[in-house]
Amino acid sequence: MKKLTLAALGVAGAMIASTAMADGHGNSTLAQVKEKGFIQCGVSQGLPGFSNADDSGNWTGLDVDLCRAVAAAVFGDSDAVKFTPLSAKQRFTALASGEIDILSRNTTWTMTRDTQLGLNFAGVNYYDGQGMMVPTALGVTSALELDGANICTNTGTTTELNITDFFRANGMSFNLVAFEKADEVVAAYDSGRCDVYTTDRSGLAAQRGKLTAPDSHMVLSEIISKEPLGPVVRQGDDQWFNIVRWSLNAMINAEELGITSANVNATEFNDVSPSVARLVGKEGNFGAELGLDNKWAYNIIRQVGNYAESYEANVTPLGLARGVNALWSDGGILYAAPIR
Amino acid sequence: MSNSSLTSLIYDARLRGYVFQFLILALIVFGVWSLVDNTVTNLAERGKTVGFGFLTANAGFQISDTLGTWAMDYSVGESTYLDVYFIGIINTFLVAILGIVGATFLGFTIGIMRLSRNFIIRSFATVYIELLRNLPLLLQLFFWYFAVLRALPSKREKIDIIPDFISVNITGLYLPAPVVESGFIYSVIALGVALVMTFIMKRWAEKRQLETGQRFPVFWAACGVLLLLPLAIFAMTGSPLEWTFPEFKTDGPMLRRGFQSGTGMVLVPEMMAVWLALTLYTAAFIAEIVRAGILAINKGQTEASYSIGLKPGLTLRLVIIPQALRVIIPPLTSQYLNLTKNSSLAVAIAYPELVSVFAGTALNQVGKEIEMIFMMMMVYLTFSLATAAFMNWFNARVKLIER
């Protein structure tokens with residue numbers, strides 16, 4: 001019996017070792033992705049406007065569109081994506097372990113995450129800030145009146161740190177109730193367990209619809225943090241990093257150049273400006289430099305659309321205006337490096 | 001000749017045994033080595049280092065008020081990640097121990113109820129067991145948490161259980177909190193002395209009963225000693241224990257109404273829901289174990305006990321349970337271990353136990369997955385092994401010594 005156990009252990013050990021070897025010193029993410037034929041994309045467990053699945057399991061949202069854009073760039077097919085819903089807590093481990101290829105899950109770019117977690121942020125696809133929602137009946141008009149409040153939020157996010165900093169800086173006390181999933185945060189806040197619900201303002205707008213009486217709650221005017229949200233990849237694979245970064249840049253540049261999913265087809269036949277020609281692959285060799293087809297950006301725009309199209313389809317219905325997320329030329333801070 | 005000696009070598013059981021054992025050992029060593037090597041290489045490739053230096057860094061996040069934060073005197077920006085680790089451990093152990101105590105009492109009661117001759121009692125126990133043990137624990141956790149939350153009055157209202165002493169609302173159960181003053185330690189020492197005295201008295205009474213057949217009211221004497229001695233010392237040292245009562249405000253700004261933080265003691269609803277769910281769920285399993293243990297005792301034991309004039313209650317207590325325990329204790333130990341591990345589900349409803357604060361919030365700030373998950377596993381392993389060791393010792397003590 002003892003021998004049998006030992007043998008089983010040995011076999012198990014050997015198996016683990018061999019799988020670890022297979023994963024370990026593998027080749028580039030692009031080669032792995034091409035081999036399996038799709039991109040594994042880490043998204044949220046349901047945040048309307050950013051990444052949310054409908055009843056039949058179709059994912060939509062601004063973050064989802066980014067993964068679709070990368071798929072369009074790599075495969076010429078924006079549907080070559082599989083989505084992994086992740087809690088805030090699981091997301092970095094899932095990316096670091098190779099379970100997903102891109103993390104596109106309303107993730108805040110901070111220095112700690114960029115430098116200590118072995119990850120790289122490939123850009124910013126939404127400029128957000130942390131806000132607070134309170135029941136109107138509380139009679140509070142400023143976050144500075146919240147001394148002694150009970151506050152509900154998610155674990156494993158920057159919101160826990162920001163709210164702590166904000167209350168400490170203002171010499172106020174509070175009690176934090178931190179849940180693993182956003183649905184429970186909303187349910188607990190809705191039942192009255194907390195006076196305040198805090199998360200990114202985009203999240204507040206998205207989750208508000210889940211409350212029993214959305215109109216009897218208000219978002220306070222204070223924005224207590226900078227939350228640049230963007231896609232994340234593993235550190236150490238520059239090629240993949242570039243593909244994700246430039247897929248996002250292509251969407252933003254397309255908006256700036258006025259190229260949409262509706263008119264991108266026409267660029268093939270008509271004369272276009274040099275900038276547009278480079279974007280859609282009529283000029284230059286930009287796709288090959290990324291290890292992709294020269295029509296990479298063309299495919300993104302045709303199948304997914306430019307940034308404005310994605311924003312209007314997903315985020316505008318939440319009642320969130322473009323604001324700082326407008327193009328730099330329209331008074332916002334959205335500014336993509338040029339393709340040249 | 002040489003051929004036959006080779007054959008005999010192959011069929012030599014001892015030699016064959018050594019060869020296979022060596023092969024397996026080599027496989028294991030290789031497996032472990034490649035696992036470690038791979039991990040270190042992969043981490044290095046991603047620019048991550050291995051080490052426990054993060055434990056002394058300051059934790060910049062707030063943690064919900066619980067026994068752990070109180071015991072570690074947690075304050076944001078001063079406490080370290082090591083403190084967070086201990087807060088997680090304390091909170092995990094708190095629900096584990098409370099759950100084990102609750103589930104044991106409830107489980108024994110339901111198990112015995114299931115054997116009752118009364119139809120209603122028996123049916124109730126059956127329904128309880130089948131309902132509770134066949135629903136996933138996480139679902140029950142959510143049910144109790146949100147059921148408890150919805151049932152309680154809002155933060156600005158309260159239900160008094162004992163007016164001015166114990167009241168409850170959605171933010172928790174509020175109790176008076178003891179404030180220990182100097183000199184209280186003598187009362188604690190007195191309690192220890194009383195415990196030792198009780199133990200000696202019990203030994204003496206047993207010995208006397210064996211020798212003379214006379215019984216001594218050990219239970220009442222023990223109660224007397226355990227209560228009177230510490231109370232007398234407590235009174236003599238000038239009652240060195242104050243109580244602070246929860247303060248409830250009904251005026252002022254809306255936000256500040258309700259219970260004032262820092263007054264009295266509060267048990268948060270998250271903890272009560274976890275405790276409730278773990279207790280009710282595990283009790284269903286324990287009840288079946290208890291029933292099995294009792295049914296394992298031959299009917300002749302009951303009949304023999306009745307025939308010497310013992311009543312049903314005494315029969316259960318003096319004859320059946322002691323014999324049933326040897327059947328009950330090994331699977332009971334498994335249930336205790338399950339309960340402890342199941343407490344990690346509490347992360348779902350915001351109870352700040354180990355998985356939530358350490359492997360959740362702290363892990364996300366620090367990003368040392370391997371070290372932190374390892375530290376967490378060690379806690380569960382240590383607690384489980386300690387429980388198992390204690391229960392094995394207890395089992396060895398109570399098991400039937402057959403003559």
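**Reading the spaces and links**

Guide: Gladly! The residues lining the largest cavity divide into 5 nonpolar, 14 polar and 8 charged; here Ala, Val, Leu, Ile, Met, Phe, Trp, Tyr, Cys and Pro count as nonpolar, Asp, Glu, Lys and Arg as charged, and the others, Gly among them, as polar. This is a predicted model, in which local features need pLDDT of at least 70 and side-chain atom pairs count only at pLDDT 80 or more, while totals for chains, interfaces and linings use all residues. Residues are numbered from 1 along each chain as its sequence is written, chains are lettered from A and ligands numbered from 1 in the order in which they are written, and side-chain values use heavy atoms, with hydrogens and water left out.

Visitor: What is a cavity, and what is a pocket?

Guide: On a 1 Å grid over the protein atoms alone, a cavity is a set of points where a 1.4 Å probe fits but cannot get out; a pocket is an open set with protein on both sides within 12 Å along at least five of seven lines, and lining residues have an atom within 4 Å of a point. Grid points are joined across faces, edges and corners, and a volume is the space filled by probe spheres set on the points. The largest cavity holds about 340 Å³. Its lining has 27 residues, with A:Arg105, A:Asn106, A:Asn154, A:Ala182 and A:Thr199 nearest the centre.

Visitor: Which element gives the most to the lining of the largest cavity?

Guide: E5(A), with 4 residues. Strands (E, at least two residues) and helices (H or I, at least four) are DSSP runs, numbered from the N terminus. Domain 1 (28–127 + 228–330) and domain 2 (130–225) of chain A each give at least three residues to this lining; such bounds come from an automatic or database domain assignment.

Visitor: What volume has the largest pocket?

Guide: About 1,200 Å³. Of its 43 lining residues, B:Asp65, B:Thr66, B:Gly262, B:Gly264 and B:Val266 are the closest to the centre. By class, the lining of the largest pocket has 21 nonpolar, 15 polar and 7 charged residues.

Visitor: And how should I read a disulfide?

Guide: A disulfide is a covalent bond between the sulfur atoms of two cysteines; the cut-off here is sulfur atoms within 2.5 Å. One disulfide joins A:Cys41 to A:Cys67, S to S 1.9 Å. A:Cys41 lies in strand E1 (residues 39–43) of chain A and A:Cys67 in helix H3 (residues 62–75) of chain A, so the pair ties together parts 26 residues apart in sequence.
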